[in-house]
Amino acid sequence: MAENVFDDKAIFYSKNCLDKFAAFIQNKIKAQRIFIVCDTNSSKHCLPYFKKCVGDKIAINIIKIKAGEVYKNFETIGFICAQLNKYFATRNDVIVNLGGGVVCDAGGFAAAIYKRGMHFINIPTTLMAMIDAAIGGKTGINFEGLKTILAHFIFRLPCL
Ligand SMILES: NC(=O)c1ccc[n+]([C@@H]2O[C@H](COP(=O)([O-])OP(=O)(O)OC[C@H]3O[C@@H](n4cnc5c(N)ncnc54)[C@H](O)[C@@H]3O)[C@@H](O)[C@H]2O)c1
């Protein structure tokens with residue numbers, strides 16, 4: 001696994017890095033459970049492969065949001081937070097954003113505000129997310145027609 005560490009951010013990239021995902025979560029982040037935020041497309045095209053790689057080594061809850069830029073909004077953040085409440089998420093759990101830039105931005109924003117902040121990991125599934133959104137060090141949502149106007153900078157961002 002190749003690894004670059006810039007300050008508190010870590011970016012992992014290699015063909016089979018998901019095989020080491022469960023060990024990374026348990027040993028480095030010391031979490032026993034993950035919440036996967038995905039959208040209707042990444043849940044169909046990417047989640048099965050993710051689950052196959054991770055196996056049953058770690059408990060998984062799925063939070064599926066609607067796909068598309070129009071859903072990068074407060075309503076989606078409310079939905080994600082309601083799901084975290086429903087499953088009694090703690091700050092020791094980890095949010096895993098499996099999807100494109102919208103999933104990374106919305107899931108990251110929810111992680112930033114829920115219980116004053118949870119760890120999160122982006123697993124980008126579009127080119128845009130791979131080269132920018134997942135590693136850009138920012139999250140956010142659109143509001144009142146303004147693009148990513150509610151946003152924040154990330155200081156700890158492990159990426160796969
Ligand atoms: N935070 C940042 O630094 C940063 C940087 C650049 C862009 N962004 C944000 O990223 C967003 C754009 O990202 P995007 O282009 O990935 O859009 P997106 O997340 O909407 O994804 C595009 C489409 O591809 C689908 N998709 C995702 N993965 C797929 C897969 N593996 N197979 C098939 N379909 C898949 C999605 O469901 C969606 O319909 C914008 O909201 C932009 O503001 C953020």
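How many of the residues of strand 3 are buried? Strand 3 is mostly covered, with 6 of its 7 residues buried; a residue counts as buried if 20 or more other C-beta atoms, placed from the backbone, lie within 10 Å of its own, as exposed if 12 or fewer do, and as partly exposed in between. This is a predicted model, in which local features need pLDDT of at least 70 and side-chain atom pairs count only at pLDDT 80 or more, while totals for chains, interfaces and linings use all residues. Residues are numbered from 1 along each chain as its sequence is written. Helices (H or I, at least four residues) and strands (E, at least two) are DSSP runs, numbered from the N terminus.

**Strand 3 and its partners**

- Strands 3 and 4 pair in the parallel sense over 7 bridges, where pairing requires that DSSP find at least two bridges between two strands.
- Within strand 4, isoleucine 65 is the bridge partner of aspartate 39.
- Strand 3 also runs parallel to strand 5, and 5 bridges join them; valine 96 in strand 5 is the bridge partner of isoleucine 36.
- Isoleucine 34 lies in strand 3 and counts as buried because 24 C-beta neighbours lie inside 10 Å.
- Isoleucine 34 and isoleucine 95 are 61 residues apart along the chain, yet their C-alpha atoms are separated by 5.7 Å.
- Beyond its neighbours within four places in sequence, isoleucine 34 is in contact with Ile25, Ile58, Ile60, Asp93, Val94 and Val96; contact means that the two C-beta atoms, placed from the backbone, lie within 7 Å.

**Strand 5**

- Glycine 99 lies in strand 5, which covers residues 94-99.
- Glycine 99 is buried because 33 other C-beta atoms lie within 10 Å.
- With neighbours within four places in sequence left aside, the contacts of glycine 99 are Cys38, Asp39, Ser42, Cys104 and Thr125.
- Glycine 99 is 9.4 Å from alanine 134, C-alpha to C-alpha, and the two are 35 residues apart in sequence.
- Leucine 98, again leaving aside neighbours within four places in sequence, has contacts that include Ile36, Val37, Cys38, Phe50, Val103 and Ile123.

**Helix 5**

- Helix 5 has 13 residues (101-113) and reaches 18 Å from its first C-alpha to its last, close to the 18 Å expected at 1.5 Å a residue; the expected span is 1.5 Å times one less than the number of residues.
- Lysine 115 follows helix 5 and has a positive phi, near 50°.

**Nonpolar core**

- The largest nonpolar core has 37 residues, and those with the most contacts inside it are Phe35, Val37, Ile95, Val96, Leu98 and Ala106; such a core is a set of buried Ala, Val, Leu, Ile, Met, Phe, Trp, Tyr and Cys residues joined through C-beta atoms within 7 Å.
- The elements that each supply at least two residues of this core include helix 1 (21-29), strand 3 (33-39), strand 4 (59-65) and helix 4 (74-86).
- Helix 5 gives the largest share of this core, 8 residues.

**Surroundings of the ligand**

- The ligand is surrounded by 25 residues, of which the closest are Asn41, Gly100, Gly101, Thr126 and Gly136; a residue is near the ligand if its C-beta atom, placed from the backbone, lies within 6 Å of it.
- Two or more residues of this shell come from each of helix 2 (42-45), helix 5, helix 6 and strand 7 (138-143).
- The shell divides into 7 nonpolar, 12 polar and 6 charged residues; Ala, Val, Leu, Ile, Met, Phe, Trp, Tyr, Cys and Pro count as nonpolar, Asp, Glu, Lys and Arg as charged, and the others, Gly among them, as polar.
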